[in-house]
Amino acid sequence: MQENEASLKSFILTLLKYKYFIVGLTVFAIFVSGVLNFFVLKPVYSGCATVYLAKINGNLLLKTKDVQNQIKSDVFIQQIAQDLGVDYKSVQNSLSVNANQDSELIVVTFESEDKTLIKKFFDHFLAELNSFNKQAYETQLNALDIQKQTLLSEFRSLDKQASDMLEQLKSLEQKRTSNAEYMLGYSLLRSVYDSIGTKKADLLKQIAQLDFAIKSSNLFAYQSAPLILDLPVKPHKVFNIVITGLVAFLLTIVFALLFEYWNTNT
């Protein structure tokens, strides 16, 4: 117990002995950090946008992970850098993409010292993303349209058959005969006519589903206008100054203890 008290007393005495050194260096570190954060380091602004993923017939054109990889790919970043008139690294270091893997949305963030550049980025980003995926999108969309046109052609053919049979039924009805041969022929013709009507209704349902699938398909789109913050996100001035002061304070205490140990043992 006495040893602990002696150690604590020795520690406090050492701090008091080097108090000007500790306080001086801490204040100096805080001052330098303040100057750097307020007058040297340039403010960095941030913009973000939520993007709907491209969909075909209710299914994602690309998986979320594949979209993230495409956006972070060298080819895509190089194209964006060319559009913005900046170097590759500037875009690569400023661009981030976040999403849950089961989500149909991604969040794209871009940081820069120039708010105008952020706006320009989001103006080009969506156009480039859609351009990269346009061929795959149109290929799948055309496949749906071909299915729709095939069903429409089949529907028109059945409609023509139904029209011809209806004329035959009307012709038989006008004869007003009740013999067995007439009744059998009329019954068979009516059965075929009704069957065609059922097939037409089923085709119309399939055509409507395909039409909805085509109209509800979409390329990549912003959920809302990209948000560009008015206040800078970097540097975190107060946080940086506090951390600098705390680290400087702890380091100067360590140095003070080392100095005292050196002096007492030499």
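Which residues form one aromatic cluster? I began with this point, noting that the model is a predicted one. I found that the cluster consists of Phe-76, Phe-110, Phe-121, Phe-122, Phe-125, Phe-132 and Tyr-222.

**Entry: aromatic pairs.** I searched the whole structure and recorded eight aromatic pairs. I then looked up the accessibility of each partner. Phe-76 is buried, at a relative accessible area of 0%, whereas Phe-132 is partly exposed, at 32%.

I next examined Phe-110 and Phe-121, whose ring centres are 4.2 Å apart with planes at 10 degrees, so this pair is stacked. Phe-110 lies in strand S5 (residues 105–112) and Phe-121 in helix H6, and the two are 11 residues apart. I noted both Phe-110 and Phe-121 as buried.

**Entry: a charge over a ring.** I located Lys-115 over the face of Tyr-45, at 5.0 Å from the ring centre.

**Entry: helix H8.** I compared the span of helix H8 (residues 237–264) with expectation. At 1.5 Å a residue, its 28 residues should span 40 Å, and its end C-alpha atoms are 40 Å apart, which agrees. I also listed buried residues in H8: Ile-241, Gly-245, Ala-248, Thr-252, Ile-253, Ala-256 and Glu-260.

How values were computed. Residues numbered from 1 in each chain as written. Predicted model: local features only at pLDDT ≥ 70, side-chain atom pairs only at ≥ 80, totals over all residues. Heavy atoms only, no water. Helix = DSSP H or I, 4+ residues; strand = E, 2+ residues; numbered from the N terminus. Expected span 1.5 Å × (residues − 1). Buried < 20%, exposed > 50% of the residue type's maximum accessible area, 1.4 Å probe, protein only. Phe/Tyr/Trp six-rings, centres within 6.5 Å; stacked < 30°, edge-to-face > 60°. Lys NZ or Arg CZ within 6 Å of the ring centre and 35° of its normal.
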